[in-house]
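Please keep the sequence and the structure in view while reading.

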Amino acid sequence: MRAIRVEEEREVFRGRVFRVMNRNLVFPDGHRSTWNVIVHPGAVAVVPRFENGDLLLLHQLRPATGETLWEIPAGTIEPGESPIATAKREIVEETGFRARRWKKLHEFYSAPGFCDEKMFLYLASGLEPARAERDQDEVIRAVRVPFDRALRMAERGRIRDAKTLVGLLLLR
């Protein structure tokens with residue numbers, strides 16, 4: 001399939017993490033349309049797994065939803081930072097653990113209907129305590145959860161975060 005061509009674009013909004021672009025597009029069949037696209041630098045998500053198979057999940061307050069959600073650690077890739085470097089930084093910041101072993105599980109688009117954010121998903125194992133330095137605007141509690149319980153939480157709708165569901169599904 002041929003690509004969509006961006007004929008013209010202008011920035012509508014610039015925030016701390018993302019921008020909103022208004023793009024005039026030409027589709028492969030020649031028709032034209034205007035789309036608003038969220039441009040994001042990319043992110044990582046980490047499935048922290050202990051040697052016995054337990055996972056380290058976060059119970060995190062999310063202002064966008066107004067709810068506290070069960071999630072795996074995640075964060076935005078900083079300029080000049082590689083996805084694995086971001087993963088190693090985020091796990092320490094959000095959980096207070098570091099990992100000795102890393103495995104890339106997948107990469108995927110989080111919401112391709114309106115956003116170009118690509119998320120890199122890693123499995124982190126060989127966990128050991130580390131000094132955590134959380135961002136001031138994060139309200140997080142790290143909880144050790146047996147893998148089977150995490151799966152039941154997902155099946156029963158207690159885990160509703162997409163990256164976490166993807167991580168659990170890939171480990172299953």
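Four strands form an open sheet in the order S7-S4-S9-S8, with mixed pairing; strands (E, at least two residues) and helices (H or I, at least four residues) are DSSP runs, numbered from the N terminus, and two strands pair if DSSP finds at least two bridges between them. Strand S7 (74-76) and strand S8 (97-109) stand at the edges with a single partner strand each, so one side of each is left without a neighbour in the sheet. On average, neighbouring strands of this sheet are turned by 25° against each other, direction ignored.

The model is predicted: local features need pLDDT of at least 70 and side-chain atom pairs count only at pLDDT 80 or more, while totals for chains, interfaces and linings use all residues. Residues are numbered from 1 along each chain as its sequence is written, and side-chain values use heavy atoms, with hydrogens and water left out.

Within the sheet, S8 and strand S9 (residues 118-129) pair in the antiparallel sense over eleven bridges. His106 stands opposite Leu121 in S9. Helix H1 (residues 83-95) packs on the sheet and touches strand S4 (43-48), S7, S8 and S9, its direction making about 120° with that of S8. Contact here means heavy atoms within 4.5 Å. H3 also packs on the sheet, touching S4, S7, S8 and S9, and its direction makes about 65° with that of S9.

How do the helices H2 and H3 meet? Helix H2 (residues 147-155) and helix H3 (residues 162-171) pack at an angle of about 130°, with their axes 11 Å apart. Axes are lines fitted to C-alpha atoms, for helices over the stretch in contact, and angles run from 0 to 180 degrees between N-to-C directions. H2 and H3 are therefore oblique to each other; angles under 35 degrees count as roughly parallel, over 145 as roughly antiparallel, 65 to 115 as roughly perpendicular and the rest as oblique. In this contact, Phe147, Ala150, Leu151 and Ala154 of H2 meet Leu165, Leu168 and Leu171 of H3.

Elsewhere, Arg23 lies in strand S2 (residues 19-26). Its side chain makes a polar contact with the side chain of Glu9 (2.7 Å); such a contact is a pair of N or O atoms within 3.5 Å, where, within protein, one must be able to donate a hydrogen and the other to accept it, and residues adjacent in sequence count only if both atoms are side-chain atoms.

In total, the protein chain has three helices and ten strands.
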